[in-house]
Amino acid sequence: MEKTLSIVKPDGVEKNVIGEVIRRFESKDIKVVGIKMVKLSKEQAEGFYAVHKERPFFGSLTDFMSSGPCVLMVLEGENVIPRARKIMGATNPEEADNGTIRKDFASDIEHNIVHGSDSPESADYEINYFFNQLETV
Ligand code: ADP
Ligand code: MG
């Protein structure tokens, strides 16, 4: 079974779609095996998104990610990394398929409601960044 790290970002928490995001994963047979709410510091957001530190949007992205509470989740399922990303939709909501989380709820390319790891390597890094062994089942 594959695992991935998903986040309901501060805009998703603000828009009261925590339950809706989880429902969309659960309805596709994806299990929540770890979950917690946190308000990230700017430094924690920078460490999480370290792969993007040279991008022009890094400062704004990490301000956004530390602007309010997030829900961090470890999801588990068969091929969950690509399947969760399909349910999320494209990074830019204008390019996201109908029926995806980002198409339905995101306001722009930065404030796009949800995160999902993009590879087994990043899933490993991201899960271990936020969860210790006692915090997943
Ligand atoms: P994804 O979250 O779909 O894997 P990326 O890893 O490319 O997308 O980017 C990480 C996050 O950075 C995105 O989810 C989004 O919040 C933000 N982002 C990506 N591209 C841009 C951009 N061009 N302008 C502003 N924010 C962006
Ligand atoms: Mg990414």
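# Reading the pocket, rings and loops

Author: The lining of the largest pocket has eight nonpolar, seven polar and seven charged residues. Here Ala, Val, Leu, Ile, Met, Phe, Trp, Tyr, Cys and Pro count as nonpolar, Asp, Glu, Lys and Arg as charged, and the others, Gly among them, as polar. This is a predicted model: local features need pLDDT of at least 70, side-chain atom pairs count only at pLDDT 80 or more, and totals for chains, interfaces and linings use all residues. Residues are numbered from 1 along each chain as its sequence is written, chains are lettered from A and ligands numbered from 1 in the order in which they are written, and side-chain values use heavy atoms, with hydrogens and water left out.

Reader: What volume does the largest pocket have?

Author: Start with the idea. Rolling a probe the size of a water molecule over the atoms shows where empty space is left. A pocket is an open set of points, on a 1 Å grid over the protein atoms alone, where a 1.4 Å probe fits, with protein on both sides within 12 Å along at least five of seven lines. Grid points are joined across faces, edges and corners, and the volume is the space filled by probe spheres set on the points. In this model, the largest pocket has a volume of about 560 Å³.

Reader: Which residues lie nearest the centre of the largest pocket?

Author: Lining residues have an atom within 4 Å of a point. The largest pocket has 22 of them, and Tyr49, His52, Phe57, Thr91 and His115 lie nearest its centre.

Reader: Which element gives the most to that lining?

Author: Helices (H or I, at least four residues) and strands (E, at least two) are DSSP runs, numbered from the N terminus. Helix α7 gives the most to the lining of the largest pocket, with three residues. At least two lining residues come from each of α3, β4 (114-116) and α7.

Reader: Now the rings. How many aromatic pairs does the structure hold?

Author: Rings of Phe, Tyr and Trp (its six-membered ring) pair if their centres lie within 6.5 Å; planes under 30 degrees apart count as stacked, over 60 as edge-to-face and the rest as tilted. The structure holds five such pairs. Take Phe48 and Tyr129: their ring centres are 6.1 Å apart and their planes stand at 55°, so the pair is tilted. Phe48 lies in helix α3 (residues 42-48) and Tyr129 in helix α7 (residues 120-130), so this pair ties together parts 81 residues apart in sequence.

Reader: Is Phe48 buried or exposed?

Author: Buried means under 20% relative accessible area, exposed over 50%, partly exposed in between (1.4 Å probe, protein chains only). Phe48 is at 3% relative accessibility, so it counts as buried. Tyr129 is at 29%, so Tyr129 counts as partly exposed. Phe48 also forms a tilted pair with Phe130, 5.2 Å centre to centre and 35° between the planes. That pair links helix α3, with Phe48, to helix α7, with Phe130, 82 residues apart. Both Phe48 and Phe130 are buried.

Reader: Which residues form the aromatic cluster?

Author: Phe48, Tyr49, Tyr125, Tyr129 and Phe130 form one cluster.

Reader: Where does the charged end of Lys36 sit?

Author: A charge sits over a ring if NZ of Lys or CZ of Arg is within 6 Å of the ring centre and within 35 degrees of the ring normal. The charged end of Lys36 sits over the ring of Phe131, 4.5 Å from its centre.

Reader: On to polar contacts. Which side chain does the side chain of Ser117 contact?

Author: A polar contact is a pair of N or O atoms within 3.5 Å; within protein, one must be able to donate a hydrogen and the other to accept it, and residues adjacent in sequence count only if both atoms are side-chain atoms. The Ser117 side chain makes such a contact with the side chain of Glu126, at 2.7 Å. A polar atom of the Ser117 side chain also lies 3.1 Å from the backbone nitrogen of Leu5. Ser117 lies in the loop between β4 and α7. Its relative accessible area is 1%, so Ser117 is buried.

Reader: What about Ser119?

Author: Ser119 lies in the loop between β4 and α7. It is buried, at 18%. Its side chain joins that of Asp118 by a polar contact of 3.5 Å and that of Ser122 by one of 3.0 Å.

Reader: Which phi does Ile113 have?

Author: Most residues other than glycine have a negative phi, and most peptide bonds are trans. Ile113 has a positive phi of about 75° although it is not a glycine. Ile113 sits in the loop between α6 (101-105) and β4, and is buried at 0%. Asp29 has a positive phi too, about 70°. Asp29 is in the loop between α2 (18-26) and β2 (31-38), and is exposed at 67%.
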